[in-house]
Amino acid sequence: MSHQLSVIGTGVIGNGWIARALGRGWDVVAFDPDPEAPARTRAFVDNAWASLERLGLAEGASPERLTFVDSLEAAVAGADLIQENVPERLPLKQEILAALDAVAAPEVVIGSSTSGFKPSDLQQDCTQAPGRVIVAHPFNPVYLLPLVELVGGDATRAEHTEHAQALYQGLAMRPLVVKREIEGHIADRLMEALWREALHLVNDGVATTEEIDAAVVYGCGLRWSLMGTFLTFHLAGGEQGMRHMLEQFGPALKLPWTKLEAPELTDELIDKVVEGCEYQAAGRSVAELDRRRDDFLVELLGLVQKYWPEAEGLEGRI
Ligand SMILES: NC(=O)c1ccc[n+]([C@@H]2O[C@H](COP(=O)([O-])OP(=O)(O)OC[C@H]3O[C@@H](n4cnc5c(N)ncnc54)[C@H](O)[C@@H]3O)[C@@H](O)[C@H]2O)c1
């Protein structure tokens with residue numbers, strides 16, 4: 001039976017959802033007011049398709065199963081799942097989600113890709129079936145990374161979340177149901193903490209963008225892709241695991257190592273960070289870097305599966 005994903009807003013993340021759904025053999029109907037959007041999306045899907053092929057396409061999967069339409073109403077007709085990916089501005093999201101809720105059949109889940117807003121705030125102006133409006137936060141590149149954080153708001157009941165879990169599993173994802181709504185959900189809280197510290201290190205002249213990236217790539221990042229923060233530190237405690245780790249390194253938690261409050265984004269800091277990234281990119285385009293990252297991620301996903309096969313929900317999926 002064929003499924004349809006409706007995608008609202010086709011920037012980096014909307015396009016990622018489109019590529020994922022097409023790779024799983026779904027039909028996709030998309031809406032974006034930018035007249036350049038359809039051409040941009042087709043180029044994006046072309047760039048992503050080789051990695052999707054290497055991962056294994058579902059039967060009938062084809063880039064041809066994408067249609068662009070020119071209204072929200074046309075976009076949601078026949079949808080099994082609606083995914084909202086407009087820019088991260090709360091009033092805009094509230095307006096678009098209320099409009100989608102008004103025109104979409106009441107049983108259809110509407111997921112928002114929001115990186116930080118709480119689902120209850122997103123549901124606020126929805127009048128038909130607000131409970132089905134949930135946070136469904138993915139990770140770039142959406143067509144390769146399996147995690148999607150699902151967060152329900154005040155109006156959401158367990159059956160909405162269960163229905164959403166099944167739909168995102170149908171897109172070969174690994175849903176993580178976040179039990180309590182907070183700004184930034186789980187993963188963005190973690191990434192934001194690292195990001196703020198990294199900006200301080202550049203701002204204070206301690207390290208360049210390249211040096212900080214090297215610390216992640218050749219150090220902690222390699223471990224994190226298999227075990228995450230907690231299990232990694234469990235191993236750092238030797239035979240006694242986390243208990244010894246906390247005894248040994250616990251006192252450092254009291255030292256003023258981290259700042260967490262972000263530095264002011266001055267023109268000087270922006271220039272340093274942008275010039276640092278351009279130097280690291282060394283003339284390679286973002287599309288070229290995307291392909292290199294994708295090739296790496298496809299192999300890395302295989303390695304995670306090989307070395308952690310018992311990880312619940314990952315078997316046979318990406
Ligand atoms: N970029 C990331 O790494 C990332 C990761 C996870 C989640 N997100 C979230 O995904 C969402 C989209 O982010 P992005 O990075 O793709 O942004 P983007 O700027 O790349 O794309 C936004 C798209 O929305 C379109 N748009 C603007 N107004 C619209 C409207 N009224 N109706 C329909 N489309 C409209 C724009 O034309 C554009 O194509 C945000 O909520 C963001 O927080 C981003």
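The model is predicted. The ligand has 23 residues around it, of which Ile13, Asp32, Glu88, Lys93 and Ser115 come nearest. The chain contains 11 helices and 8 strands, among them strand β6, which is largely enclosed by the rest of the structure.

**Ligand surroundings**

- The side chain of Glu88 places a polar atom 2.6 Å from an oxygen atom of the ligand.
- For Ser115, an N or O atom of the side chain is 2.6 Å from an oxygen atom of the ligand.
- Val86 takes part through its backbone: a polar backbone atom of this residue is 3.4 Å from an oxygen atom of the ligand.
- On its own, the ligand has 830 Å² of accessible area, and the protein covers 73% of this area.
- Two or more residues of the shell around the ligand come from each of the elements α1 (12–23) and α4 (90–103).
- Classified by residue type, the shell around the ligand consists of 9 nonpolar, 9 polar and 5 charged residues.

- Strand β6 comprises residues 133–137; 5 of its 5 residues are buried, so the strand is largely enclosed by the rest of the structure.
- Burial applies to both faces of β6: Val133, Val135 and His137 are buried on one side, and Ile134 and Ala136 are buried on the other.
- Strand β5 (residues 109–112) pairs with β6 in the parallel sense, over 3 bridges.
- Strand β7 (residues 147–151) runs antiparallel to β6, and 3 bridges join the two strands.

**Overall dimensions**

- In total, the chain has 11 helices and 8 strands.
- The radius of gyration of the chain is 21 Å, close to the 20 Å given by the globule rule for 318 residues, so the chain is as compact as a globular protein of that length.
- The C-alpha trace of the chain spans about 55 × 45 × 45 Å along its principal axes.
- Buried residues make up 41% of the 318 residues of the chain.

Methods. Residues numbered from 1 in each chain as written. Predicted model: local features only at pLDDT ≥ 70, side-chain atom pairs only at ≥ 80, totals over all residues. Heavy atoms only, no water. Near = heavy atom within 4 Å. Polar contact = N/O pair within 3.5 Å; in protein donor to acceptor, adjacent residues only side chain to side chain. Areas by Shrake-Rupley, 256 points an atom, 1.4 Å probe, with all protein chains shown as cover. Helix = DSSP H or I, 4+ residues; strand = E, 2+ residues; numbered from the N terminus. Nonpolar A, V, L, I, M, F, W, Y, C, P; charged D, E, K, R; others polar. Buried < 20%, exposed > 50% of the residue type's maximum accessible area, 1.4 Å probe, protein only. Pairing = 2+ DSSP bridges. Rg over C-alpha atoms; globule rule 2.2 N^0.38 Å.
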